[in-house]
Amino acid sequence: MYRGVSEPERSRTQARGFPLKLLMTETSPYARKCRILIREQGLTARIEEIEAMPLDDPAELMDANPLGKVPALIRDRATALVDSPLICEFIDSLIEDRWIPGSGTARWRVLRFQAIADGILDLAVGRRIEMMRPDEKRHDFWIERQENGIRRSIDLLESEADKFAGAFDLGGMAIAVALGYLDFRYPESEWRTGRDRLSAFYDKWSERPSFQSTAPPADA
Ligand SMILES: N[C@@H](CCC(=O)N[C@@H](CS)C(=O)NCC(=O)O)C(=O)O
């Protein structure tokens, strides 16, 4: 099912006006999930994206998220929301055309795929941090565990591709974001090799404007 963003929907959300600010970086894959959903749901006029570099400890981010991480969603007259699954759930609740089913088997399927995709991100981010350490402080044990977890997870996604490749929803989107992050920060994973269904799925996502316009800068 292809779900584009219709013009009437876009102007409807614009007219309502609702100050929301997403603190993000252009390289954060977790923030990318939220940014894609904002575009897919036609909410760009309602949610402002503001760059906040976590390592600079900007006051606005620290106020919104004691964990010091992006993404964080600042809401007028309500508490800020943290963690991309929660923020995506909130964004999705703003529009009737849902990317996260409200109940039943479909909901658990979508959330399970999101959890696996986010887990791949956690491993890949952890691996990158490990790889950036000086040689004497790098732990091969952890790098191997992280690489094994990533490999097992993408093998599972290849074997279950029929369960998420046919629709555009949060589960599939999170998987596409995770694969994009592997291209960006762990190209040696060569995740496409022997995984034709996952490659075809990713190619389909790569054509989507929401995916293209949120790609991390090539030189970052
Ligand atoms: N579980 C969080 C993870 C967020 C996260 O780790 N964000 C990274 C950027 S990719 C961050 O802000 N790191 C800064 C830090 O750990 O201090 C989510 O899904 O939003």
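Colleague: Why does Trp142 count as partly exposed?

Modeller: This is a predicted model, by the way. Trp142 has 44% relative accessibility, and partly exposed covers what lies between under 20% for buried and over 50% for exposed. So Trp142 counts as partly exposed.

Colleague: And what makes Phe141 exposed?

Modeller: Phe141 has a relative accessible area of 53%, and the exposed class starts over 50%, so exposed is the word for Phe141.

Colleague: Why is the pair of Phe141 and Trp142 called edge-to-face?

Modeller: Their ring centres are 4.9 Å apart and the planes sit at 80°. A pair needs centres within 6.5 Å, and planes over 60 degrees apart count as edge-to-face, so that is what Phe141 and Trp142 form.

Colleague: How many aromatic pairs turn up in the whole structure?

Modeller: Nine. Another one of them is Phe113 with Phe164: centres 5.0 Å apart, planes at 65°, so edge-to-face too.

Colleague: Why does that pair tie together separate parts of the sequence?

Modeller: Phe113 belongs to helix α5, while Phe164 is in the loop between α6 and α7, so the pair links parts that are 51 residues apart in sequence.

Colleague: Are Phe113 and Phe164 buried or exposed?

Modeller: Phe113 has a relative accessible area of 1% and Phe164 has 2%. Buried means under 20%, so Phe113 is buried, and so is Phe164.

Colleague: Which residues have the most contacts inside the largest nonpolar core?

Modeller: Phe164 is one of them, along with Ile47, Leu179, Leu182, Phe201 and Trp205, in a core of 53 residues. Elements that each supply at least two residues include β1, α2, α5 and α8. Helix α7 gives the most, with eleven residues.

Colleague: How do you know that this core lies between the domains?

Modeller: Domain 1 (7–93) and domain 2 (104–212) both give residues to the core, so it lies between them.

Colleague: What is Trp205 in contact with, leaving aside its neighbours within four places in sequence?

Modeller: Its partners include Ile36, Glu40, Trp99, Phe168, Met173 and Phe211. Trp205 also belongs to an aromatic cluster with Trp99, Phe168, Trp191, Tyr202 and Phe211.

Colleague: What makes you say that a charge sits over the ring of Phe168?

Modeller: The charged end of Arg208 is 3.8 Å from the centre of that ring. The distance limit is 6 Å, and the charge must also be within 35 degrees of the ring normal. Arg208 is listed as sitting over the ring of Phe168. Likewise, the charged end of Arg127 sits over the ring of Tyr186, 3.7 Å from its centre.

Colleague: How do you know that the reach of α6 is close to what is expected?

Modeller: Helix α6 has 20 residues and spans 28 Å from its first C-alpha to its last, against 28 Å expected at 1.5 Å a residue. Its buried residues include Ile143, Gln146, Ile150 and Leu157, and what covers the buried residues of α6 includes α5, α7 and α8.

Colleague: What about the backbone: where is the cis peptide bond?

Modeller: That bond joins Val70 and Pro71, with omega at about 5°. Pro71 is in the loop between α3 and β3.

Colleague: Which value is positive in Glu190, a residue other than glycine?

Modeller: Phi, which is near 45°. Glu190 is in the loop between α7 and α8. With 52% relative accessibility, Glu190 counts as exposed, because the cut-off is over 50%. Asp57 is not a glycine either and has a positive phi of about 50°; Asp57 is found in the loop between β2 and α3.

Conventions. Residues are numbered from 1 along each chain as its sequence is written. This is a predicted model: local features need pLDDT of at least 70, side-chain atom pairs count only at pLDDT 80 or more; totals for chains, interfaces and linings use all residues. Side-chain values use heavy atoms; hydrogens and water are left out. A nonpolar core is a set of buried Ala, Val, Leu, Ile, Met, Phe, Trp, Tyr and Cys residues joined through side-chain atoms within 4.5 Å. Buried means under 20% relative accessible area, exposed over 50%, partly exposed in between (1.4 Å probe, protein chains only). Helices (H or I, at least four residues) and strands (E, at least two) are DSSP runs, numbered from the N terminus. Domain bounds come from an automatic or database domain assignment. Contact means heavy atoms within 4.5 Å. Rings of Phe, Tyr and Trp (its six-membered ring) pair if their centres lie within 6.5 Å; planes under 30 degrees apart count as stacked, over 60 as edge-to-face and the rest as tilted. The expected span of a helix is 1.5 Å times one less than its number of residues.
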